[in-house]
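Hello,

Here is the structure for you to look through. My notes on it follow below.

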Amino acid sequence: MRIVSGKYKSRRLTAPKNLPVRPTTDMAKESLFNIINNWYHFHEVRVLDLFSGTGNISYEFASRGATNIIAVEQHSGCIYYINQTAKELDFDIQTIKADVFSFLGKHQGSYDVIFADPPYDFSDEQFGKIPALVFENNLLSENGTLIVEHSQQTDLSNLPNFTQSKRYGGCMFSFFEH
């Protein structure tokens, strides 16, 4: 994986092979950030990265100037890798080792961008629980965006607050707003 833009543009990062992850592809990530770049000033944005895995999305935000980033992941090895990489690159990324659904059910905060990259084999019910918890618990700022990454086989367009989907290769991003 590589950082697409910002302070560490083109920097390659290699995560340990034993992590149970599927990082967002560089092509999909670049396309996604081209969209986000038109909506937000990165140095002002508050980011919540759910199912953060290797921290790929968090690093991209940090490289572009975001300083208020929380990465939530339940795998200890992933948390260790994110902390190690953030320290090496001097990124201000706070990690929280937790089950994402438990975290969303009790966390209080407000974020401009919430990015969720759950396992592609989640059930429709599990995917639907992510926006439901985000909106029930008021975690998205008034002009914020929830972005859920999923496969083409998953359709989230019937969920409340859905606004659009974008497809990049085998990857889909579904967007949710107030």
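In these notes, Lys and Arg count as positive and Asp and Glu as negative, while His and the chain ends are not counted. The place of a charge is NZ of Lys, CZ of Arg, CG of Asp or CD of Glu. On that basis the protein chain has 16 positive and 20 negative side chains, with the centres of the two sets 8 Å apart.

This is a predicted model, in which local features need pLDDT of at least 70 and side-chain atom pairs count only at pLDDT 80 or more, while totals for chains, interfaces and linings use all residues. Residues are numbered from 1 along each chain as its sequence is written, and side-chain values use heavy atoms, leaving out hydrogens and water.

The protein chain has five helices and seven strands (DSSP runs, numbered from the N terminus: helices are H or I of at least four residues, strands E of at least two). Their order along the sequence is α-β-α-β-α-β-α-β-α-β-β-β. Of the 178 residues, 53% are buried (under 20% relative accessible area with a 1.4 Å probe, protein chains only).

Helix α5 covers residues 124-136. Buried residues in α5 include F127, I130 and L133. Among the elements covering the buried residues of α5 are α4 (100-106) and β7 (171-176) (contact means heavy atoms within 4.5 Å). After α5 comes N138, with a positive phi near 55 degrees.

Regards

Key:
Buried < 20%, exposed > 50% of the residue type's maximum accessible area, 1.4 Å probe, protein only. Expected span 1.5 Å × (residues − 1).
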